[in-house]
Amino acid sequence: MTGDSTRCVKAVAYEGSPGSPLQQGPVFAAPYLLGEDETGEADTYARASNPGWRALESALASLEGAVAARVVGSGMSAITVALRAFARPAVTVVVPADGYYQVRAYAQEYLAPLGMVVRELSVADFGDGTLRAVLEQAGEGAVVLAETPSNPGLDTVDLRATAELCRAAGALLLVDNTTATPLGQLPLALGADVVVASGTKSLSGHSDLLFGYVAVSDPALVARLDRERLHSGTVLGPFETWLAHRSLGTAGLRFGRQCTNALAVARMLGEHPAVAAVRYPGLESDPSHPVAAAQMQRFGPLVTFVLPTRDDVHRFVKAAELVVPATSFGGIHTTADRRARWGDPVPEGFVRLSCGIEDTIDLLDDLRTALDSVRRA
């Protein structure tokens, strides 16, 4: 199988004529010159199309194994555009009860008033028969959004089983692939219909831009996405498009180091006396590991752990020289945030740690020293 770095480099390869730049630059335009052809084939206005989008979308579709991908302004835009494109009034929309909290807020505040039946299900509900019962009651046309591994709990949804269940019920399965990325798992190959993701995280990886995308397995879904993006205006600027495309070429290298660091850090945390609990799907002892190992190629950069108190989290971050306090993940720096501050239903001392690309031994030494200072406090 082709390796991750090779996949990324091939995905951003540029085919130009002799004398042209090796990599395509950003295209700055709002309107384009019009010709006599009025069929809509050419670029006309930047809210509808951009050559940079097409290059980035081709790369993302290649990585996700999709027939097409569409880029938007953020990961949250990817979710909202997909839900608006594929859900209709009176249908049931299932969103994660234990995933990214803003998705639940959007579904309740915007979709429910439009007449959609919003159901919040946890990862456990996907596997214990609850989802099956919801879909039997919903009838055809339901839209199911699964996030796996979940953020921040890092629980995993069995995508093969869920896809079979959705297919049998006439439901559309959307999978948030932000945590894993297409370098960690390929939901479309496991039976999902749609992938949504924040490329802000590991794919762009430098903590300097926002972008999201939607990738689909069925060409019939593309027109609905295009129409929703055009009408909503949730588009990606040309400079951000170029930055994302440029960064994608090194994603394999960066993600590989992040995952190596995450596994080493998770093992160290599990042995440290200051730590009450650790979650990482790559640990054989983790409850998510059996499902994760069956469907993931890599387990991602995120590790979560619990310290005794809120103040212990702040002591840990302050003592660590290589940990940056920030609330995104997937960047080159190791970052940490206390998830309870955002309203996630987790303990006060719950830490979401995103491992960066530092040398593994340096990161381990720094984290161990910081945890030792917490224990002494």
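**Exercise 1. The second largest pocket**

Find which residues line the second largest pocket of this predicted model, and sort them by class.

*Solution.* Start with the list: the lining is made up of Arg47, Ala48, Ser49, Asn50, Trp53, Arg54, Glu57, Arg70, Asp226, Arg229 and Leu230. Next, look for the elements behind it. Those that give two or more residues to this lining are α2 and α8 (222-232). Now sort by class: you get 3 nonpolar, 2 polar and 6 charged residues. Finally, the volume of this pocket comes to about 190 Å³.

**Exercise 2. Asparagine 50**

*Solution.* Now look at who surrounds it. Leaving out residues up to four places away in sequence, asparagine 50 touches Val27, Tyr32, Asp43 and Pro238. One of these, valine 27, has its backbone oxygen 3.2 Å from a polar atom of the asparagine 50 side chain.

**Exercise 3. The largest pocket**

Say which element gives the most to the lining of the largest pocket, and describe the rest of that lining.

*Solution.* Begin with the space itself, about 410 Å³. Around it are 22 lining residues, and Tyr100, Asn151, Ser198, Lys201 and Phe329 lie nearest the centre. Two elements, α3 (75-86) and β6 (194-198), each supply at least two lining residues. Of the elements, α3 gives the most, with 3 residues. By class, the lining holds 8 nonpolar, 9 polar and 5 charged residues.

**Exercise 4. Strand β11 and its partners**

Explain why strand β11 (residues 334-338) can be called largely enclosed, then find the strands joined to it.

*Solution.* Count the buried residues first: 5 of the 5 in β11 are buried, so the strand is largely enclosed by the rest of the structure. Now for the partners. Strand β10 (residues 323-325) runs parallel to β11 and is joined to it by 3 bridges. Here, proline 325 stands opposite alanine 336. Strand β12 (residues 350-354) runs antiparallel to β11, with 4 bridges joining the two. In this pairing, threonine 335 faces serine 354.

**Exercise 5. Strand β5**

*Solution.* Strand β4 (residues 143-147) is joined to β5 by 5 bridges, and the two run parallel. As an example to find on screen, alanine 146 stands opposite valine 175.

**Exercise 6. Arginine 279**

Find which residue's side chain makes a polar contact of 3.0 Å with that of arginine 279.

*Solution.* Locate arginine 279 in strand β8 (residues 277-279). Then go through its contacts, skipping residues up to four places away in sequence: Gly153, Leu154, Asp155, Asp286, Pro287, Ser288, Val303 and Thr304. The partner is aspartate 155, whose side chain makes the 3.0 Å polar contact with arginine 279.

Key
Residues numbered from 1 in each chain as written. Predicted model: local features only at pLDDT ≥ 70, side-chain atom pairs only at ≥ 80, totals over all residues. Heavy atoms only, no water. Buried < 20%, exposed > 50% of the residue type's maximum accessible area, 1.4 Å probe, protein only. Pairing = 2+ DSSP bridges. Contact = heavy atoms within 4.5 Å. Polar contact = N/O pair within 3.5 Å; in protein donor to acceptor, adjacent residues only side chain to side chain. 1 Å grid on protein atoms, 1.4 Å probe; cavity = no way out; pocket = protein on both sides within 12 Å on 5 of 7 lines; lining within 4 Å. Points joined across faces, edges and corners; volume = space filled by probe spheres on them. Nonpolar A, V, L, I, M, F, W, Y, C, P; charged D, E, K, R; others polar.
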